[in-house]
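Please look over the sequence and the coordinates first.

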Amino acid sequence: VHGDLTLGKGVSPMSFLKKFATAVGGKKLPVSIRVGHHDVEQGELIAEGGYGAVFEARDLTNGRSYALKRMVVADPDKVAAMRRELAIMASLPRHKNIVEFIDSTE
């Protein structure tokens, strides 16, 4: 599952993403979101990168586990690059050494 977000100028991508994962006092909050045709619950942070972060996720309908990439961009050129990445990932053939692309949303 591949999800993405957009934010305004001056907002740190990591602070934007982390607000979805913690409450006042640092307690973990379940974050349920819709990605394409999938309702998923965002879990623990796996990794952080240039555009955003990757989280554990679980499909609320069938219990299947996913990696959820949440991308945060404000620059129009970066949005275009993100859309190209999504299109390329969606077009890749299934292979044991390639992460399977499931769905995306904006």
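How many residues does helix α2 have, and how far does α2 reach from its first C-alpha to its last? Helix α2, residues 76–91, has 16 residues and reaches 23 Å between those atoms, close to the 22 Å expected at 1.5 Å a residue, the expected span being 1.5 Å times one less than the number of residues. This is a predicted model, in which local features need pLDDT of at least 70 and side-chain atom pairs count only at pLDDT 80 or more, while totals for chains, interfaces and linings use all residues. Residues are numbered from 1 along each chain as its sequence is written, and side-chain values use heavy atoms, with hydrogens and water left out.

**Helix α2**
- The buried residues of α2 (under 20% relative accessible area, with a 1.4 Å probe and protein chains only) are V79, M82 and L86.
- Seen down the axis of α2, these buried residues fall within an arc of 60°, so they line one face of the helix; the arc is that of the directions from the helix axis to the C-beta atoms.
- The face turned away from the buried side carries D77, R84, I88 and S91, which are exposed, meaning over 50% relative accessible area.

**R70**
- R70 lies in strand β5 and is buried, with a relative accessible area of 4%.

Key:
Helix = DSSP H or I, 4+ residues; strand = E, 2+ residues; numbered from the N terminus.
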